[in-house]
Amino acid sequence: ADGRPPRVAFFVNGALGDKSFFDSAARGLRQAEADLHLATRTIEGGYDPTRWESGLVDLADSGDFPIIVTGTYTMGPLVQKVAPDYPDVTFILFDGVVDYARCACGNVYSMRFRQNEGGYLAGVLAAGLVRAGTIFGAKDVVGLVGAMPIPVINDFAAGYGAGAQDAAPGIAVLRQFANSFSDPATGKEIAKAQYGQGAGVIFQVAGATGQGVIEAAEEAGRYVIGVDSDQAALYRASSPRRATRILTSVMKNVDAAILRALRLWQQGRLPLGRTESLGLKEGAIGLADNPEAALTVPPTVRAAVAAARQRIIDGTLTVPTAFAGGQP
Amino acid sequence: MTPSREGARIALAVGAALALGFAVMACVSDQPWAAFRALLTGPLPSVDRAADGQVVVHRLVRFGAWLQDATTLTLVGLAIGLPFRARQFSLGADGQLFMGALAAATVSLGLGETPTALPLAFLAAAVAGAGWGLVAGLLKTRFEANEIVTTLMLNVVAVQVYRLVVGRVLNDPTAGFITTPPLPDAATLAPLIARTTVTAMVLVAPVAAVAALFLLRRTTLGYEIDLAGANPWFAIRAGVPVARATALAFALGGVFAGLAGFHVSNALLKRLPIDLTPGIGLEGIVVALLARGRVGALPLAALGYAYLRVGAQAMERTTDVPREVVLVIQALIILFVVSDRLAPLALGLMRRVRTSIGGRPA
Amino acid sequence: MSLDLVSAGTMAAVVAVTTLRAATPIVFASLGGLISELAGCINVALEGVMLVAAFAGVITSAYSALWFPDAPLWLHPWLGCAVGLLAGTALAGLLAVFHLELGADLIVAGIGLNILAQGLTVLLMAHLTGDKGSTASLTSFALPSLRWPGMGGVPVLGVLLNGDGDAGHNVLVYGALAATGWVAWALRHTVFGLRLRAAGENAQAALAAGLPVKRLRYAGLLLSGLLASGGGVFLGMGYLTLFQADMAAGRGYLALAAVFLGGRRPLGTVAAALVFGGATVMAARLGLLAVPAEVVFMIPPLVTIAALVLVKQHQRLAARRRAAAGRTALLSS
Amino acid sequence: MTPAIAPPLLAIALEDVEKRYPNGTLANSGVSFTVAAGEIHALVGENGAGKSTVMKMLYGLERPTAGILRIHGRPVDFRHPGDAIAAGIGLVAQHLNLVPSLTVAENVVLGHEPRRIGGRLDRAAAAARVRELVEQSGLAVDPAATVAGLPVGVRQRVEILKVLHRGARILLLDEPTAVLTPPETATLFATLRQLANAGRTILLITHKLDEVKALAGGVTVLCRGRVTGSARMADLDQGTLARLMVGRDLPPPPPRRPAGARPIPRVVARDLGYVDGEGTIRLRDVSFDVAPGEILGIAGVEGNGQDVLARLLSGADVPSAGEAKLDGQVFTGLSARAARARGVAVVTEDRLHDGAAPSLSIVDNLMATRYARPPLSRRGLIDRATARRWAEEVIGGFSVRATGPDQPIGALSGGNMQKLILAREIADAPTFLVASQPTRGVDIAAASALHTRLAALRDQGAAILLISADLDELLALSDHIAVLYRGRIVARFAAGAVDARTLGLHMTGLGPPVEGGGHDAVA
Ligand SMILES: Nc1ncnc2c1ncn2[C@@H]1O[C@H](COP(=O)(O)OP(=O)(O)OP(=O)(O)O)[C@@H](O)[C@H]1O
Ligand SMILES: Nc1ncnc2c1ncn2[C@@H]1O[C@H](COP(=O)(O)OP(=O)(O)OP(=O)(O)O)[C@@H](O)[C@H]1O
Ligand SMILES: [Mg+2]
Ligand SMILES: [Mg+2]
């Protein structure tokens with residue numbers, strides 16, 4: 001009203017720099033700043049969970065931010081607790097939900113992602129490529145390196161396993177967790193072990209840990225599928241050789257989703273008080289295009305991926321999920 | 001050193017650290033003054049007068065965060081400080097805290113909505129922390145295993161046990177992240193101040209410090225711990241049960257770390273996520289050493305240190321100063337405050353400069 | 001049968017070389033920790049030293065390529081290595097100044113410097129690359145690997161000499177072996193080693209013997225920084241080819257534990273470091289089985305504790321046996 | 001005024017030297033004295049008089065806060081022992097300064113090591129050098145032995161070899177004989193005389209007047225940081241010297257218990273033996289009786305089992321063979337706590353190591369053996385007020401020079417600390433007191449006070465085992481004396497039936513076989 005742009009706070013329950021999830025969200029906010037003329041501020045809450053609640057309350061209580069963006073399932077209960085106290089503040093919760101039945105959360109909009117659909121496509125691609133027999137030294141094995149066995153990552157994995165089995169029945173799917181989002185050395189060690197067991201392609205769902213997986217792929221001369229943002233783009237300039245080893249990345253377009261939500265909010269059309277589920281159909285999940293690796297993938301495999309994508313969008317294929325009660 | 005001189009020394013050190021921190025801020029920030037103000041006044045609530053003349057208190061939450069932080073720090077500081085009296089350098093507060101939190105949550109979830117849940121969870125946390133501390137104590141007294149190593153290693157074990165139990169036994173599959181179900185209301189503490197996380201635990205911390213002080217000054221066990229720390233060979237010849245006192249010092253320290261775990265689980269988070277408060281034990285060491293091993297000074301050191309931590313967070317939230325600068329300033333304060341000779345050196349230098357200026361023949 | 005033997009041998013060789021690789025940073029840091037510990041200064045800042053060294057090494061190698069595009073390619077990693085070593089050593093020097101000149105408690109100062117390193121590296125990284133996570137957007141270099149030619153087909157030896165990927169071992173892996181030998185030799189056989197140990201064990205006596213105790217402690221801490229920096233540089237320019245926030249991931253503290261587990265002796269320390277390295281490898285490999293990762297991660301600390309207990313128990317039994325023999329002699333005479 | 005330039009013949013000259021420690025203690029004030037080149041000069045004075053401080057300044061361990069130090073006429077400002085060593089000064093400090101894990105040879109050459117190319121230590125040359133020094137000085141040591149395992153007497157020799165290795169022209173010796181036995185002392189003195197004759201200057205601190213008499217050419221007396229007298233020995237008699245040091249006449253030594261019918265022994269030890277963790281037999285077949293009101297003296301060269309005996313009799317170690325009874329009840333093998341409960345008390349030989357907690361207050365140190373019982377504590381709660389009151393009483397009653405009961409005991413001089421330790425040990429009126437080296441390093445006035453206390457305890461009916469390297473003390477106080485050699489009792493004497501020379505022979509294993517080395521014959 002006073003002519004200054006509305007201020008948006010983005011509360012990170014951790015730190016930026018994960019190369020995937022939070023960084024992608026931060027990108028979305030920067031985009032919003034440019035496109036929607038909002039003033040945004042990103043606050044890193046650090047890794048101590050006892051400080052998140054007070055951090056969130058502090059933002060809401062300050063009165064400076066009419067809108068607060070935050071993410072992950074971990075923050076769901078906190079938003080649920082804080083939001084009713086601050087009805088004038090709008091909360092956008094991504095990749096997490098509040099229980100609308102149990103709280104007066106009319107000021108909360110939450111969105112969840114059907115990452116299992118992306119995982120499925122990754123599985124089809126990986127298994128198809130391995131079965132095509134063009135990867136030197138690979139056996140009938142694909143791998144997955146996860147950061148931690150949390151539901152979101154298990155969801156990727158569930159889709160990945162199903163996709164691999166559907167594309168290449170009987171293929172072995174290795175799955176292992178590094179127990180950390182930020183230990184690339186361990187990621188590399190695990191990936192080396194999986195490549196050593198003949199994995200042709202590894203899907204890494206491990207945040208910064210995954211960078212070790214990508215290095216291992218380069219060293220082993222095998223392939224890797226990135227996650228959350230286009231990770232080939234990250235290396236395209238700095239180490240092109242590495243970029244060619246990244247077949248694609250399963251995009252979880254948190255940035256686009258947040259941008260969309262903020263735009264809707266500006267237009268007064270944000271569906272507050274409910275959860276939206278976003279997947280392939282909504283364009284929130286997808287595969288990144290990596291021209292360097294495109295030559296590696298035979299047309300038949302590409303066709304299979306495209307077909308699977310279409311069936312999911314059409315609703316003729318339901319991908320298994322790791323979330324209890326199924327993905328909405 | 002007398003308390004007032006010690007106070008002056010600390011003030012000087014903190015001042016120097018802040019000055020250096022300001023220089024760092026000026027390099028990375030467009031609004032160094034605002035940042036500096038946020039750092040210094042951050043933990044205090046802001047009092048405004050609304051249009052209708054009513055007084056509105058904003059940001060009480062920061063004040064709460066300060067007290068909450070000081071509570072945890074006092075408790076982990078005690079966990080380090082007690083074994084320290086027996087000249088044992090325990091780094092084990094982390095592990096004991098995890099065990100305490102785990103025990104408190106397990107008991108709370110097991111008992112459910114019963115009135116006994118709260119006291120029993122409190123007790124369980126204390127016992128679990130003490131037990132985990134006692135392990136390190138017995139390893140030291142029975143096997144002479146270096147306590148720095150064993151406590152570090154026991155921390156790793158405790159964290160993994162914690163993750164195993166939270167992830168595979170207590171896990172709430174409907175949560176969407178790895179966590180226990182919410183603890184029953186009967187087992188948790190309600191905030192004393194609305195919209196903050198300040199609970200009755202804020203009173204427990206000073207009581208704990210007084211109890212520790214009483215234990216050390218007034219009980220035979222405390223005397224034994226002091227003597228075992230000051231000169232174990234002498235203590236043994238004098239007939240003091242040194243091994244028992246040393247092991248108990250670890251266990252008693254563990255009680256406080258366990259209570260810090262209770263604070264985290266049943267007062268702050270009210271459920272336990274798989275990743276918990278990393279490295280708080282190290283902060284406990286810092287607080288214990290800032291207090292120079294004096295238990296009575298511990299709550300003060302904790303309050304001071306927590307003030308700066310919360311001020312730093314406030315600075316980060318309200319200005320463009322990034323999180324890492326906060327870490328840098330925190331590190332500078334630690335370094336400067338423990339540098340005993342810094343103040344005398346600086347004063348001596350100043351004096352020399354002054355005499356060299358004033359002493360020159362006119 | 002013989003094929004089984006070969007594959008079992010290859011398997012063992014793979015485990016051996018991965019262990020060595022995973023242990024290399026810990027070996028470097030623990031040797032550093034040992035030297036300063038023997039000089040009477042426990043170095044808690046190993047973690048921060050590794051971090052700073054890794055950061056400075058990676059950044060320098062990347063910027064070297066930008067600033068000196070015409071320089072030969074092999075130069076950049078070595079320049080990075082040199083600056084990394086220098087930076088890590090400088091951090092250890094800072095610890096020395098705070099402790100020896102300003103009277104700061106070593107352990108707290110060490111913790112403080114670890115926090116400082118954590119903050120500064122990310123701050124500078126964000127400043128230089130606009131990225132707080134890692135330097136993946138920079139072209140940084142790895143130090144070269146040494147590959148023995150003509151070993152390609154040789155079954156077990158090939159893996160042992162040239163690694164599981166047949167690319168050879170990184171020079172710093174050899175560097176760790178050399179450092180082990182040097183430290184063990186220097187501590188035992190040189191005048192410097194003698195003086196360092198004397199200053200650490202009884203500073204009063206060393207001082208009275210006219211030794212410059214303070215200078216020796218400086219030397220111990222700086223050397224410890226140099227060695228730990230070797231580990232840090234390997235993390236960023238050998239093990240991985242990037243810098244990642246907090247990439248030391250507790251290895252500095254493990255190294256400190258290795259010093260004590262190894263009985264404050266060089267070979268024991270390195271053996272303990274290898275155990276820690278082996279444990280992370282084992283965790284990575286066992287993770288493929290049904291064992292929960294948490295259980296696997298409990299193995300190294302439990303092994304450490306068990307080792308401490310068993311060593312003591314062994315000493316005690318030996319003493320008891322000797323005493324019993326002496327008692328027989330006493331009673332029979 | 002002192003002349004601006006000292007005559008070149010003076011090896012050491014102090015001119016109006018003042019030393020104030022950072023905590024405010026004025027340890028030396030206006031100290032001036034000189035030592036001629038080639039002289040053996042004694043520095044004497046009561047505990048805390050500032051003697052060691054003089055040595056520390058001359059060796060660069062402390063810097064004077066005012067005044068001038070001259071070495072061979074030239075003013076010096078040592079910042080570091082390295083400077084003093086370079087100026088040809090060597091110090092054998094009061095508390096031995098060796099690195100335990102190193103060998104004798106390594107300790108001796110430390111700081112001035114023979115090298116081989118590449119900075120390598122030349123161990124062979126170091127050992128050869130030590131052998132050479134041993135030959136020159138007659139101080140026997142094994143260059144390859146690790147210092148940790150050596151008895152104190154041998155360590156003292158290593159310290160002296162260290163100084164000789166540097167070729168020091170000026171030797172500073174701070175109470176070097178406190179831990180030596182008469183034969184060792186004799187050897188040392190011979191060496192010192194030989195060194196002085198060869199032109200080296202020796203400054204020696206001692207509390208033993210006969211040593212001053214035997215060795216020194218000149219003497220300087222310090223009292224509370226000031227020089228109260230400086231003289232040629234030739235001009236002094238022992239009484240004058242003692243008065244100078246103490247400021248008053250000493251009381252006569254306490255009278256011995258009148259010989260009479262011997263009561264039933266209070267302490268009966270039979271066949272005590274001990275084997276350590278290395279399997280070495282440290283003590284064997286030790287038997288003795290001590291009657292109430294009797295002092296049994298134990299003589300022996302350091303390292304012949306006295307320390308083990310004291311530990312066995314005070315519950316610190318369990319005997320490998322034999323047992324000892326107190327009033328008919330076995331008390332060996334019990335814990336230290338249990339032994340104390342039976343009425344055993346102990347003054348340990350190294351007061352800083354296991355006789356006190358130097359960093360704690362006087363009260364806390366006094367409480368250590370009685371804190372667990374009324375009146376000092378009830379039901380686990382300590383009564384601090386009572387403890388303080390008691391400590392004040394003790395400080396007054398034993399004339400301890402201290403600022404108050406809260407002063408850290410480590411800040412007291414050795415004699416005062418020792419008074420407090422004895423006060424603590426006799427507070428519960430023990431029936432058996434094991435006193436090891438109760439007056440080691442203590443000045444004569446304090447030693448005399450301690451002797452009076454021991455005699456008083458004896459007269460109350462306690463049995464006392466007195467272990468001492470000071471033969472005069474043993475001869476003055478003991479009713480019987482047994483000599484320990486290589487872990488056995490090799491000789492026993494009644495008081496008055498033996499002199500120091502004979503004891504010394506037995507202590508070094510050279511004595512003629514003595515009748516009645518058996519069990520019951522204690523006299
Ligand atoms: N480092 C120190 N700091 C403060 N005061 C000290 C220090 N060393 C000695 N003093 C004090 O200085 C005085 C002189 O001490 P010094 O050691 O010179 O005495 P001394 O004559 O050697 O006594 P002793 O016969 O007991 O060895 C004493 O009062 C002592 O408490
Ligand atoms: N830093 C110090 N502060 C205060 N007093 C000290 C300090 N260092 C030494 N002293 C005291 O100075 C006095 C003289 O010290 P010194 O080292 O000569 O030994 P001592 O124990 O007094 O010797 P002795 O065996 O002759 O009785 C002692 O009382 C000692 O405790
Ligand atoms: Mg002295
Ligand atoms: Mg003395």
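## Ligand 1

In this predicted model, an oxygen atom of ligand 1 lies 2.4 Å from a polar side-chain atom of Thr53(D). Ser52(D) also takes part, with a polar side-chain atom 2.6 Å from an oxygen atom of ligand 1. For Lys51(D), the distance from a polar side-chain atom to an oxygen atom of ligand 1 is 2.7 Å. The protein buries 75% of the 620 Å² that ligand 1 exposes when taken alone.

How many residues surround ligand 1? There are 16. The closest are Gly48(D), Gly50(D), Lys51(D), Ser52(D) and Thr53(D).

## Ligand 2

Ser52(D) turns up again here. An N or O atom in the side chain of Ser52(D) is 3.2 Å from an oxygen atom of ligand 2. Arg351(D) places a polar side-chain atom 2.7 Å from an oxygen atom of ligand 2. Gly410(D) uses its backbone: an N or O atom there lies 2.3 Å from an oxygen atom of the ligand. Taken alone, ligand 2 exposes 610 Å², and the protein buries 63% of that.

The shell around ligand 2 has 14 residues. Gln94(D), Arg351(D), Gly410(D), Leu412(D) and Gly414(D) come nearest. By class, the shell holds two nonpolar, 10 polar and two charged residues.

## Between two domains

Chain D is assigned three parts: domain 1 (10-246), domain 2 (255-343 + 428-523) and domain 3 (357-425). Why does ligand 2 lie between domain 1 and domain 3 of chain D? Both domains give residues to the shell around ligand 2, so the ligand lies between them.

The C-alpha centres of domain 1 and domain 3 of chain D are 34 Å apart. Each side gives four residues to the contact between these domains of chain D. About 280 Å² is buried between domain 1 and domain 3 of chain D, and carbon and sulfur atoms give 37% of it. On the domain 1 side, Glu46(D), Asn47(D) and Arg224(D) lose the most area to domain 3, together 90% of what that side buries.

Which residues form a salt bridge here? Glu46(D) pairs with Arg401(D), and their closest N and O atoms are 3.3 Å apart. The rule finds one salt bridge across this interface of domain 1 and domain 3 of chain D. The side of domain 1 that touches domain 3 in chain D has no nonpolar residues, two polar and two charged.

## Chain A meets chain C

Chain A brings 29 residues to its contact with chain C, and chain C brings 27 residues. The area buried between chain A and chain C is about 2,200 Å². Carbon and sulfur atoms give 50% of that area. Three residues stand out on the chain A side. Gln176(A), Glu189(A) and Ser238(A) supply 24% of the area that chain A buries against chain C, more than any other three residues.

Glu189(A) also forms a salt bridge with Arg21(C), with the closest N and O atoms 3.0 Å apart. The rule finds one salt bridge across the interface of chain A and chain C. Polar contacts between chain A and chain C number five residue pairs, both residues being at pLDDT 80 or more.

## The other chains

Five pairs of chains are in contact. Which pair shares the most contacts? Chains B and C do. Chain A and chain D, by contrast, do not touch. The nearest C-alpha atoms of chain A and chain D are 38 Å apart.

Methods. Residues numbered from 1 in each chain as written. Chains lettered and ligands numbered in written order. Predicted model: local features only at pLDDT ≥ 70, side-chain atom pairs only at ≥ 80, totals over all residues. Heavy atoms only, no water. Near = heavy atom within 4 Å. Polar contact = N/O pair within 3.5 Å; in protein donor to acceptor, adjacent residues only side chain to side chain. Areas by Shrake-Rupley, 256 points an atom, 1.4 Å probe, with all protein chains shown as cover. Nonpolar A, V, L, I, M, F, W, Y, C, P; charged D, E, K, R; others polar. Domains from an automatic or database assignment. Contact = heavy atoms within 4.5 Å. Buried area = accessible area lost by both parts, 1.4 Å probe. Salt bridge = Lys/Arg side-chain N within 4 Å of Asp/Glu carboxyl O.
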